[in-house]
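Open the model in your viewer and keep the selection tool ready. This tour goes from stop to stop.

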Amino acid sequence: MRCNMRITQKTLIDYNQIDSVIQIQRFVGGKEYVTMLFNAKQDINRLYGRMSPNYSVLASVYEDKTTSVEVVPHDYQL
């Protein structure tokens, strides 16, 4: 459980940039991260349809090098 883990890095990925980040991560070997991003984009598309560009993905990396992704509104600020 991550309740005691500090976040060491946060990245906000705009909906229109998710595919580019996926391609880069495939190249550098981040398979689990690629899967999480791909699934997040599919979730956004399923839930919001034509409104999908109004959402982004927030990726958080923890001290133990695990990563989590969550869908946030496009105007979310770090």
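How many bridges join strand S1 to S2? Select residues 7–14 for S1; seven bridges join this strand to S2, and the two run antiparallel. Strands pair here if DSSP finds at least two bridges between them. Helices (H or I, at least four residues) and strands (E, at least two) are DSSP runs, numbered from the N terminus.

A word on the model. It is predicted: local features need pLDDT of at least 70, side-chain atom pairs count only at pLDDT 80 or more, and totals for chains, interfaces and linings use all residues. Residues are numbered from 1 along each chain as its sequence is written, and side-chain values use heavy atoms, with hydrogens and water left out.

**The sheet.** Click Leu-12. Opposite it in S2 stands Leu-58. Next, select residues 67–73, strand S3. Seven bridges join S2 to S3, again antiparallel. Ser-56 faces Val-72 in S3 as its opposite. Four residues lie between the strands in this hairpin, and Lys-65 takes a positive phi near 75° there. S2 is mostly covered, with six of its eight residues buried. Buried means under 20% relative accessible area, exposed over 50%, and partly exposed in between (1.4 Å probe, protein chains only).

**The core.** Select Ile-13, Tyr-15, Ile-18, Ile-22, Tyr-33, Val-34, Met-36, Leu-37, Ala-40, Ile-44, Val-57 and Ala-59. These twelve residues form the largest nonpolar core. Such a core is a set of buried Ala, Val, Leu, Ile, Met, Phe, Trp, Tyr and Cys residues joined through side-chain atoms within 4.5 Å. H2 gives the largest share, six residues. Now zoom in on Ile-13. Not counting residues up to four places away in sequence, Ile-13 touches Ile-18, Val-21, Tyr-33, Leu-37, Ser-56 and Val-57. Contact means heavy atoms within 4.5 Å.

**Helix H1.** Select residues 18–28 and find Gln-25. Is Gln-25 buried or exposed? Gln-25 counts as buried because its relative accessibility is 19%. Beyond its neighbours within four places in sequence, Gln-25 is in contact with Gly-30, Tyr-33 and Val-34.

**The surface.** Last stop: Leu-47, Tyr-48, Met-51 and Val-71. Together they form a nonpolar surface patch with about 380 Å² of accessible area. Met-51 sits in the loop between helix H2 (31–48) and strand S2 (55–62). At 49% relative accessible area, Met-51 is partly exposed.

Note on methods. Patches are made of residues with over 30% relative accessible area and no salt bridge: like charges are joined within 9 Å, nonpolar side chains (Val, Leu, Ile, Met, Phe, Trp, Tyr) within 5 Å. Accessible areas come from the Shrake-Rupley method with a 1.4 Å probe; for residues, only the protein chains shown count as cover. A salt bridge is a side-chain nitrogen of Lys or Arg within 4 Å of a carboxyl oxygen of Asp or Glu.
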